[in-house]
Every structure is written in structure tokens, then in C-alpha cells.
Amino acid sequence: MELKLDHVTHTYQPGSPFQATAIRDISLTVGDGDFTALIGPTGSGKSTLAQHLNGLLKPTGGTVTLDGEDIHQKGYDRRRVRQRVGLVFQYPETQLFEETVKKDISFGPRNLGLSEEEIAERVRTAMEQVGLDYESEGEKSPFELSGGKMRRCAIAGVIAMRPTILALDEPTAGLDPEAREELMEMVADLHRKGTAIVMVTHNMDDAAKYCSRTVVLEKGRVVMDGAPKEVFTRAEELTQMGLDVPQVLRLGMLLREKGIPFPEDAICEEEAEKALLELFKGKSRPARLPGQEGGRGHA
Amino acid sequence: MLDNFAFGQYYPGTSVFHRMDPRMKIILLILYIAGIFCAGTLPSFAVPLLFMVFSIHMAAVPLKMVFKSLKPLRFILIFTFVLNLFFLQGERVLLDLGFARITREGLVNAVLYALRLVFLVMGSSLLTLTTAPVPLTDGLERLLSPLKAIRFPAHEMAMMMTIALRFIPTLLEETDKIMKAQSARGADFESGNLIQRAKAMVPLLVPLFVSSFRRAGELAMAMEARCYHGGEGRTRLHVLKMARRDYIALALGIVMVALTVALSRLTAGLI
């Protein structure tokens with residue numbers, strides 16, 4: 001399964017005084033097992049790009065193909081794309097509408113025309129996957145849930161379609177740290193079970209920790225594309241764009257300034273932990289440490 | 001999905017029309033509407049027509065934008081036209097279908113009513129195209145403020161209109177977003193019979209209502225946080241002032257109505 005964007009350009013309201021080109025000449029392939037992070041400053045076209053992945057927006061230039069077939073060609077059933085490529089919008093909890101959590105989650109599967117048993121089964125699995133309790137929370141109104149649970153309920157509504165690619169537009173925006181962590185673990189779990197993930201995010205730590213590939217957009221163009229290590233080590237360029245770098249990377253830069261040989265390619269917590277342990281064991285402890293600053297190492 | 005919504009949209013510009021006092025623009029619109037309804041014959045419609053053409057020219061707004069506002073009106077237009085065509089029965093029969101007749105009077109009347117509707121909408125959309133929402137409601141409030149003497153809530157009305165106008169684009173954006181989100185879950189808004197389509201609106205309308213109520217609550221809170229307490233004793237950042245161009249426009253407007261009335265009288269016997 002391969003979703004391919006080929007030189008995709010999108011202009012909003014072409015020919016009017018409000019004409020605006022959101023993305024230009026973007027080529028991107030999403031295949032099985034990928035976990036791609038889309039990062040970029042506000043207004044760089046990330047959300048517009050995400051809406052091209054399942055055919056909600058039609059490119060004004062270029063093509064989007066799913067397994068080699070143009071999804072915008074005449075006669076192509078776009079619902080097939082919607083089933084195979086799930087899209088979770090920003091603040092997805094604003095799209096909840098049903099009387100109960102179960103009914104809301106079953107909206108997608110029902111639109112696919114599945115049997116009642118199949119729908120019930122999918123709702124149950126989707127709720128388990130997002131960590132909602134089928135028995136106690138299934139009959140509740142989605143509007144009674146807490147903010148974090150509302151979001152997970154909305155995401156379950158997309159997962160229940162069983163997409164092979166799941167695109168999420170800033171799934172953790174506005175959540176507290178605990179809910180964010182839980183949500184990211186849930187996404188990582190889906191990825192482990194075989195769903196390809198495309199995630200728009202402003203959180204560089206999440207991008208560094210979970211993704212296998214990072215794509216940086218600026219002013220509608222792809223400016224960097226590669227493994228998180230390749231992208232995040234270009235910290236200066238990222239900072240110039242107004243983007244963050246992962247905290248571990250910043251820590252590393254500070255430590256190296258002090259003369260402590262923290263590895264340059266450590267970008268996530270686990271790598272940092274390993275590197276710091278090695279440093280403390282004294283394996284690569286530098287010969288002379290400024291004495292008065294000896295205790296600052298694990299700031 | 002919803003970007004062809006033109007009615008009530010502001011088209012930024014710096015023309016004379018854009019710079020005119022909004023109060024005068026509203027008065028002009030009223031005069032213009034009076035003109036349209038005074039024009040009782042086809043030839044006398046030439047005067048409001050010329051006035052309209054001249055106004056659009058002065059406003060430097062693309063004709064396409066003005067005509068776009070007519071699109072939602074097309075069914076009402078056809079409906080009025082057909083209704084007038086068959087229901088006003090005169091002397092001179094043009095076409096006899098047996099069950100219904102078309103007379104010359106009916107035809108003239110149908111054309112007149114259709115023209116009035118078209119001109120009415122074009123005139124009003126010219127006002128909203130050249131006037132940003134805030135000055136517009138400001139002007140309206142000032143024009144209505146004499147009615148405060150009889151306890152007419154002019155300020156509240158204007159504030160409600162400002163808020164309503166302000167939130168039209170926001171709501172459209174929201175609608176677009178929810179439509180897309182539900183389409184991503186396989187919802188279909190475009191096919192099916194009337195009942196199926198009405199049912200398909202539920203997943204759209206419920207979230208829209210929920211967010212509107214939430215937004216209203218937040219807005220009320222934000223207004224109170226900035227000490228809003230109604231119109232009493234409120235001063236303005238931009239005080240409206242009439243300039244020479246406004247008085248010239250007023251004179252032109254009055255002349256237009258007078259000419260229309262005169263021409264309508266003169267040509268009354270011709271049809």
C-alpha cells in the first residue's frame with residue numbers, strides 16, 4: 001500500500017483577491033510501516049497537506065495516487081480512499097455529535113455499510129485501542145467525557161474505519177502532559193500494530209521520540225526530509241524558522257559548551273539516558289572538568 | 001466547499017464609495033430602493049439602472065462580485081416571475097394555453113418584479129461589499145438612535161448585528177471543517193433523496209450548535225472582562241463625519257428618485 005503525492009500544489013480561491021497558495025510542489029510518499037512527522041511553523045501548509053492525503057482537498061496542481069491510481073480521476077470512488085486513509089483533524093472533539101459514545105464511534109463503520117455485528121466489534125476494538133471502557137463509557141454521552149477522553153473518543157471514530165494510513169493533525173494540542181503522553185503511546189501502539197502514521201506536530205520531542213521520518217515544511221515547501229537525527233541535528237536552521245529543537249538536543253548543546261562530550265546525535269530521552277549513564281560511569285569523562293561546575297551535569 | 005458565498009462579504013478598496021460615510025450609504029440605499037419601487041414602468045427603470053451602473057463604477061468593485069450575490073436568489077426570481085406571469089390577468093392576451101393565459105400586463109408586471117428583486121439585492125450587496133461590518137452597524141446605530149427616545153434598543157440591535165456579521169465567516173469556516181471531518185468518516189452530504197440529505201445534516205448541525213453556544217459564552221465573558229456594559233455612555237474610536245462627497249451623493253440620490261418618479265408618470269400610459 002502506497003500513498004504518493006506527486007508535485008502537489010494547492011491554491012485557495014484561485015483568481016480572487018483572496019488567492020493564497022498554501023503548498024507548492026510537494027512530493028511525498030507514505031508507505032506501510034512509516035511513522036512520519038510533519039513539522040513547520042504556523043501557516044507553512046501542514047494542515048492543507050494533511051487534507052490532501054485522503055482526497056478532502058483536490059490539488060490545483062500535481063496528483064495524489066493510492067497504489068498507482070489517481071484518486072481524483074473520474075469514476076474513482078473517493079470513499080475508498082477515506083476508508084484506507086483516516087484523517088483526524090485538529091481538535092477532533094468538535095466533531096462529536098451522537099447521543100452515546102458507541103453511536104458516535106459507529107458513525108464511520110456504518111457509513112462503510114458494514115453489518116451490525118461487524119460494527120459492534122469494531123467499536124469495541126477501537127474503544128480498547130484508545131483506552132476507553134466499552135462497558136462503563138460506551139453508553140455515556142460523548143459530551144459528558146473529560147477533554148482528553150472526548151479527543152480519544154473522536155480518534156476512535158476514525159480508527160474504527162480501520163485505515164491502513166492514519167493522519168493526525170496536531171493530536172496533542174491543548175492536552176495536559178499526562179494526557180499527551182497517553183495519547184502518543186496510543187498512536188505508537190497503533191503504529192506497532194501495522195498502521196502507517198502521518199502526524200502534524202509542533203512538539204519536537206514527540207517527533208524525535210516516535211517518528212522514523214521527519215518532514216519540515218516552510219512557506220508551503222518541503223525544506224528538509226529525512227530521519228529525525230538528520231533533521232534535528234540541523235538545529236540552527238530549525239531555530240531560524242522559528243521552530244523548536246528537542247529538549248535533549250538543547251541539553252547536549254549546553255553540555256558540549258561546557259566541554260562535556262555529550263553525543264551530538266542523541267535526540268530522544270532514551271538516548272540521552274544512555275549517554276549520561278556512560279558519562280557518569282566515567283568511560284569517556286573528560287580529563288579536566290571546570291571544578292566549580294562539576295555538579296551541573298544532569299541539569 | 002463553501003467559498004462561493006458572496007452575500008454580505010466585504011471587498012476591500014479605497015474608492016469614493018468605500019470612503020463615504022456609512023450613514024449616507026444606508027440613506028442612499030433607502031433612496032435607491034424607493035427609486036426602484038417608484039419605477040412603475042419599464043422605461044423609468046433606466047434611471048435606477050444608470051444610478052446602479054454609476055455606483056458600481058465609482059465603487060471600483062468587480063461586476064462579477066456584484067452578480068455573484070444574485071446566485072442564491074435564482075429560485076425566488078424564477079418563482080416570482082412565473083407567479084406574476086400567470087396570475088396577473090390583463091386585457092391584451094399574448095398567449096392562450098387553454099388552462100392559463102399570458103397577457104401583456106402580466107408579462108410587464110413579472111419583468112418589473114423580477115427587475116426589482118435583482119436591483120434590490122445588487123444595491124444591498126454593493127453596500128456590504130464597500131462597507132466593512134463595523135462601520136456599517138455603526139452607521140445603522142447612529143441612524144436609529146433617535147428612536148432611543150421611544151425605547152428602541154438601537155445600540156443592542158447594532159451590537160447584535162456586528163456580532164452576527166463578524167461570526168458569519170467563522171461559522172462558515174467551522175462548517176467547512178466539520179463537513180470535512182465527517183466526510184473523512186465516510187459521511188456523504190451530496191447524494192441521496194431529500195430525507196437522506198436532511199439526515200446527513202445531523203452530524204453537521206449538532207457540532208455546529210455546540211460550538212456556537214460555546215463561542216457565544218466565551219464572547220460574552222471576553223466582553224465583560226473588558227467592561228462592556230451596554231451602549232450607555234460609550235464613546236467611539238472612530239467618530240462618523242459627513243464630508244462634501246456625502247452631500248453630493250445625497251443630492252444625486254434625491255435627483256435619481258425625482259427623475260424616476262417623473263419618468264414613471266410620463267411613460268405610464270405607454271404600455
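Predicted model: local features only at pLDDT ≥ 70, side-chain atom pairs only at ≥ 80, totals over all residues.

If you look at chain A, you will find 13 helices and 10 strands, and its C-alpha trace spans about 70 × 50 × 35 Å along the principal axes. Of the 299 residues in chain A, 42% are buried. When we take the contacts in chain A between residues at least 6 apart in sequence, 65% of them join residues that are at least 24 apart.

Now let us turn to strand β6 of chain A, which covers residues 85-88. Which way do its residues point? A:V85 and A:L87 point one way from the strand, while A:G86 and A:V88 point the other way, and all of them are buried. Beside this strand you can find β7 of chain A, residues 165-169, which runs parallel to β6(A) and is joined to it by 4 bridges. To place the two strands against each other, look for A:V85, which stands opposite A:I165 in β7(A).

Finally, we come to the two chains together, where 16 residues of chain B are in contact with 21 residues of chain A. On the chain B side, the elements that give two or more residues are α8, residues 154-184, and α10, residues 202-225, and α8(B) gives the most, with 7 residues.

Technical notes:
Residues numbered from 1 in each chain as written. Chains lettered and ligands numbered in written order. Buried ≥ 20, exposed ≤ 12 C-beta atoms within 10 Å, placed from the backbone. Pairing = 2+ DSSP bridges. Contact = placed C-beta atoms within 7 Å.
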